[in-house]
Amino acid sequence: MNVNEKDNAPVRAILAALDTGEYDVEASVDELSELAKTANAEVVARIIQKRPSADSATVLGEGKIEELSELSEQLGAKLIIFDTELTASEIRNIEDIVNVRVIDRTMLILDIFAARAVSNEGKLQVELAQLRYRLPRLMGIGRSLSRLGGGIGTRGPGEKQLETDKRHIRRRIEKLEDDLKELTARRNFSRSRRKKDNVLTGAIVGYTNAGKSTLLNRLTDAGVLAENKLFATLDLTSRAIELPDGRSLTLIDTVGLIRRLPHHLVEAFRSTLEEAACADIIIHVSDISDPEAADKTRTTQEILAELGCGEIPVVNVLNKSDLVEYDIPEDDTTVKISAKSGEGIERMLSLIAKNLPESSRRMKLLIPYDKAGLGAEIRSSGGKVFGEEYSEKGILTDALVDITLIKKLEEYEIK
């Protein structure tokens, strides 16, 4: 369903938030504004109310809701976006007063996901997350749709499907779950095959809009959509690169993370995010020019911990370093780069190779002629021979040797 108004004009929207002191509301609303922009909404105002707790009927107090109503009429707003999850009754109660369509943060994120999903798996994951979220809210959202029509927050399954009975939606959820189980099984098979074939993988993770796709494009010419919008990339992309030590690494670009990402959205994309949990190394990209960089890094680390990535080596890539004027310290696991200009990329690749668990080693060998079959053994075990030179004493060989052969070849290594 089209999220825009006539002539593709942005939907005029007001942001609303409740500040109970649990988190940095100003930063969260700033992010909500970026999310709204990504969904083609024009934010014309924002209202934040400090209260010890939410109003049981309308979240914000009666006075603030009346203020929202007046403000939406004055500014011609067609949408109010709350920076918190709303129940069906809360949506209904607020809409009865403001007479403008109301959605919440999660509905907005789901709408963006629906617009960005390209692969079959991505589309199934989005639809499943939408239906699971909307099922308990069916009465409120159904009423909203029938009264005010479609728009931001309604993309995906669509008005008719959401207004059918709950049994039909539950059946659809079961079908989606079965389809995703099949795709997950295939993904797990691909992972096990990569492990069996000794394919090394690196998961590019980080906050949305940190520059992950730009980095992948810089390294591989992958042609991944890279623009200055949140969740510009939703579907997985994988490409192989060669590291300075000769090893091949398959890079996997994962969906961007975001603060206060609802738990069921993490669940919906768990099979995608688990690529990080199964990787040999994690490349954590952050936008060092962002004033919220430290908080966003913590958010990413928390989600990675939840996914069970604690034991996997991490290289911290501080992107957009060309936009800051202060000195950025580096160490054996931290590198500053500019994915846009290419600055720091070589050092980053060296750090990835250094921190990647040893599965093979580049060796300079002098192989006696009566052991010439070792060259074929190196190749058959998944290694690479970069060069061979025949000398009086044997075959001078420059090779990437699989870890299973290193001990056997050490006596021929040229130190």
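**Entry 1: the sheet**

I began at Tyr-390, which stands opposite Ile-395 in β13. The model is a predicted one, where local features need pLDDT of at least 70, side-chain atom pairs count only at pLDDT 80 or more, and totals for chains, interfaces and linings use all residues. Residues are numbered from 1 along each chain as its sequence is written, and side-chain values use heavy atoms, with hydrogens and water left out.

β12 and β13 (residues 395-402) run antiparallel and are joined by 6 bridges; two strands pair if DSSP finds at least two bridges between them. Strands (E, at least two residues) and helices (H or I, at least four) are DSSP runs, numbered from the N terminus. The open sheet has 3 strands in the order β11-β13-β12, with antiparallel pairing. β11 (360-367) and β12 (384-390) each have a single partner strand, so one side of each edge strand is left without a neighbour in the sheet. From one strand to the next, the twist averages 15°. Helix α14 (residues 373-380) packs on this sheet and touches β11, β12 and β13, where contact means heavy atoms within 4.5 Å. The direction of α14 makes about 165° with that of β12; axes are lines fitted to C-alpha atoms, for helices over the stretch in contact, and angles run from 0 to 180 degrees between N-to-C directions.

**Entry 2: two phi values**

Val-59, in the loop between β2 (41-50) and α2 (62-75), has a phi near 70°. Lys-320, in the loop between β9 (314-319) and β10 (334-336), has a positive phi of about 60°.

Are they buried or exposed? Val-59 is buried, at 4% relative accessible area, while Lys-320 is partly exposed at 21%. The cut-offs are under 20% for buried, over 50% for exposed and in between for partly exposed (1.4 Å probe, protein chains only).

I moved on to Glu-95 in helix α3 (residues 88-98), which is buried at 1% relative accessibility. A polar atom of the Glu-95 side chain lies 3.0 Å from the backbone nitrogen of Val-102.

How do α2 and α3 meet? Their axes come within 9 Å and cross at roughly 50°. α2 and α3 are therefore oblique to each other (under 35 degrees is roughly parallel, over 145 roughly antiparallel, 65 to 115 roughly perpendicular and the rest oblique). I noted the residues making the contact: Ile-65, Glu-66, Leu-68, Ser-69 and Ser-72 of α2 with Ile-94, Ile-97 and Val-98 of α3.

How values were computed
Polar contact = N/O pair within 3.5 Å; in protein donor to acceptor, adjacent residues only side chain to side chain.
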